[in-house]
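Please keep the sequence and the 3D view at hand while reading.

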Amino acid sequence: MFVNKLKQAIEDEYRDYYFYKSMYSLTNDPLWQDFLKHMYEDEKSHYEMFQQLYYMMTGTFVPNPKKPLPCYNLKECVQRALVDELEAVETYKEMLLTIPFQEAYNPLFIAMQDEMEHAIRMSTMYNALS
């Protein structure tokens, strides 16, 4: 069960990295660009940490999934990302409660905290775009 959730988390982090990079190009606002850059760099870090954890557990890496379609409407994409970030927080919280070994704790805790921060950033952007 944990390995399946970890595999899905790896795929989600990969997708979010490219999705947020596509959102970056839709705004000229330096604050939003800073928010998005911070988030896509976090997502890349989560992807790498989770791949390492997956390798520790299985001896293999999760192959890169397809890249997502790019974002074309910033407000719609921010809303979708906000929901995704909140769902990720819940997933990582559940995974933290079932970690199979201590080395899994730090990557999951870091990612959970970052996703909460991302949700705040996305909420701020969404409210400003309204």
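How many salt bridges does the structure hold? The model, which is a predicted one, holds eight salt bridges.

**Salt-bridge network**
- Salt bridges link Asp-12, Arg-15, Asp-16 and Asp-84 in a network.
- Asp-16 counts as buried because its relative accessibility is 7%, whereas Arg-15, at 26%, counts as partly exposed.
- Arg-15 also meets the side chain of Asp-84 in a salt bridge of 3.8 Å, N to O.
- Because Asp-84 lies in helix α3 and Arg-15 in helix α1, this pair ties together parts that are 69 residues apart in sequence.
- Asp-84 is partly exposed, with a relative accessible area of 23%.

- Lys-93 and Glu-90 form a salt bridge whose closest N and O atoms are 3.2 Å apart.
- Both residues lie in helix α3, three residues apart, or about one turn of the helix.

**Largest pocket**
- The largest pocket has a volume of about 180 Å³ and is lined by 13 residues.
- Asp-12, Asp-84, Glu-87, Ala-88 and Thr-91 lie nearest its centre.
- Helix α1 gives the largest share of the lining, seven residues.
- By class, the lining has eight charged, three nonpolar and two polar residues.

**Nonpolar surface patch**
- Tyr-105, Phe-109 and Ile-110 make a nonpolar surface patch of about 240 Å².
- Tyr-105 is located in helix α4, residues 105-129, and is partly exposed at 32% relative accessibility.

Key
Residues numbered from 1 in each chain as written. Predicted model: local features only at pLDDT ≥ 70, side-chain atom pairs only at ≥ 80, totals over all residues. Heavy atoms only, no water. Patch = residues over 30% accessible without salt bridge, like charges linked within 9 Å, V, L, I, M, F, W, Y side chains within 5 Å. Areas by Shrake-Rupley, 256 points an atom, 1.4 Å probe, with all protein chains shown as cover. Salt bridge = Lys/Arg side-chain N within 4 Å of Asp/Glu carboxyl O. Helix = DSSP H or I, 4+ residues; strand = E, 2+ residues; numbered from the N terminus. Buried < 20%, exposed > 50% of the residue type's maximum accessible area, 1.4 Å probe, protein only. 1 Å grid on protein atoms, 1.4 Å probe; cavity = no way out; pocket = protein on both sides within 12 Å on 5 of 7 lines; lining within 4 Å. Points joined across faces, edges and corners; volume = space filled by probe spheres on them. Nonpolar A, V, L, I, M, F, W, Y, C, P; charged D, E, K, R; others polar.
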